[in-house]
Amino acid sequence: MLRVIGKRLALLIPTLLGLSILLFAWVRALPGGPATALLGDKATPEAVARINEVYGFDRPLAEQYFVYMGQLLRGDFGASIVTGRPVVEEFLTRFPATLELALVALVFAVGVGVPLGYVAARHRGRPLDHSSVVLSLLGITVPVFFLAFILKWLLAIKVPLFPADGRQDPRIDATHYTNFFVLDGLLTGEWDAAWDAFLHLILPGVALGTIPLAIIVRITRASVLEVQSADYVRTARAKGLTRSLIRGRYILRNAMLPVITTIGLQTGLLISGAVLTETVFAFNGIGRFLRDAIFNLDYPVLQGFIIFIALAYSLINLLVDISYSLIDPRVRVQ
């Protein structure tokens, strides 16, 4: 197990190194150079020369890259051009919101998708199976922003069951230590604040989790159909093992391997792809801040956030590999 973890952690080094090179080249390849891109309409020759001097864009590229890597290794990702705050501080302020949202979306997708895919496979060719396939196709084809608008209009405006936007009612005077609003409410005993923060997560969580839900349903269904016709399953039935034992230990456990891979990939996409959902629901996470950074040409924020998201994605893949080795002993042997 430790060897598997060590190998995966070692692979993070070339991955992040390659990403840093791509980000470095991307900023330097902007039309007119990074100084012109940062200044926009205010790009006078004097201002461009000043920016080049301050940020070191007038130095040789090799020297710029080594300075850039030194800053990254020290945890210095620069400061936001718009807010003036360090990029790390901006990320740590907003990442808990996106992580909270992604966890709710993931629980919704896995909690509904795995059972639905399993039941659909058990009733192959029946109305329940056909219905699950149709619903999964709808979940994949309907755009997230459109579904978000529909949910917001229907369940927050037309029938006000849930809050329409934000992370918490501004009238609630809540104490925040971790910026995980639900967790903070539970830790401080402010139950109303925790419940209100949870209600604010429902609609964006459902909207964000719909596509992963549809994919998980299809992968689970296909995997269960493949496993339940395997030789070892027929052998278990011939030995007279109980149905619950066969379904739990022989079918579902082995069918979960490709499902876990899918869940891991979708978790990374939930964290990095929350831009549209957070925009529709005015949810103050990294997705919405990234959108603002793109429109404001806030390149330090873009570079820093992309590296942070890539690191989170890599760590999620590490957890997927660990779960593989726990479920399938053959992975540990390899």
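Modeller: Contact means heavy atoms within 4.5 Å. Take the contacts in this chain with a separation of 6 or more: residues 24 or more positions apart account for 71% of them. This is a predicted model, in which local features need pLDDT of at least 70 and side-chain atom pairs count only at pLDDT 80 or more, while totals for chains, interfaces and linings use all residues. Residues are numbered from 1 along each chain as its sequence is written, and side-chain values use heavy atoms, with hydrogens and water left out.

Colleague: How many helices and strands does the chain have?

Modeller: The chain has 15 helices and zero strands. Both are DSSP runs, numbered from the N terminus: helices are H or I over at least four residues, strands are E over at least two. The C-alpha atoms fill a box of roughly 85 × 55 × 40 Å along the principal axes.

Colleague: What makes Glu 90 count as buried?

Modeller: Its relative accessibility is 0%. Buried means under 20% relative accessible area, exposed over 50%, partly exposed in between (1.4 Å probe, protein chains only). The value of 0% is under the cut-off, so Glu 90 is buried. Glu 90 sits in helix H5 (residues 87-122). Leaving out residues up to four places away in sequence, Glu 90 touches Thr 83, Arg 85, Phe 289 and Phe 305.

Colleague: Why is Thr 220 called buried?

Modeller: Thr 220 has 1% relative accessibility, so it counts as buried too. Thr 220 belongs to helix H9. Beyond four places in sequence, Thr 220 touches Gly 113, Val 114, Gly 117, Tyr 118 and Val 259. Over the chain of 334 residues, 43% are buried.

Colleague: What do the axes of H7 and H9 do?

Modeller: Helix H7 (residues 144-158) and helix H9 (residues 191-227) have axes that come within 9 Å and cross at roughly 150°. The axes are lines fitted to C-alpha atoms over the stretch in contact, and angles run from 0 to 180 degrees between N-to-C directions.

Colleague: Is the crossing of H7 and H9 left-handed or right-handed?

Modeller: The crossing is right-handed. That word applies if the near helix is turned clockwise from the far one by less than a right angle; anticlockwise is left-handed.

Colleague: Which residues in H7 and H9 meet?

Modeller: On the H7 side, they include Leu 147, Leu 151 and Leu 155; on the H9 side, Leu 203, Val 206 and Ile 211 are among them. By class, this contact has ten nonpolar, one polar and one charged residues. Ala, Val, Leu, Ile, Met, Phe, Trp, Tyr, Cys and Pro count as nonpolar, Asp, Glu, Lys and Arg as charged, and the others, Gly among them, as polar.

Colleague: What lines the largest pocket?

Modeller: The lining has 24 residues, with Tyr 55, Phe 57, Tyr 68, Gln 71 and Gln 303 nearest the centre. A pocket is an open set of 1 Å grid points where a 1.4 Å probe fits, with protein on both sides within 12 Å along at least five of seven lines; lining residues have an atom within 4 Å of a point. The lining divides into 14 nonpolar, seven polar and three charged residues.

Colleague: Which residues line the second largest pocket?

Modeller: There are 13, and the closest to its centre are Leu 16, Met 69, Leu 72, Leu 73 and Ile 307. Helix H1 gives the largest share, six residues. Twelve residues of this lining are nonpolar, one is polar and none is charged.
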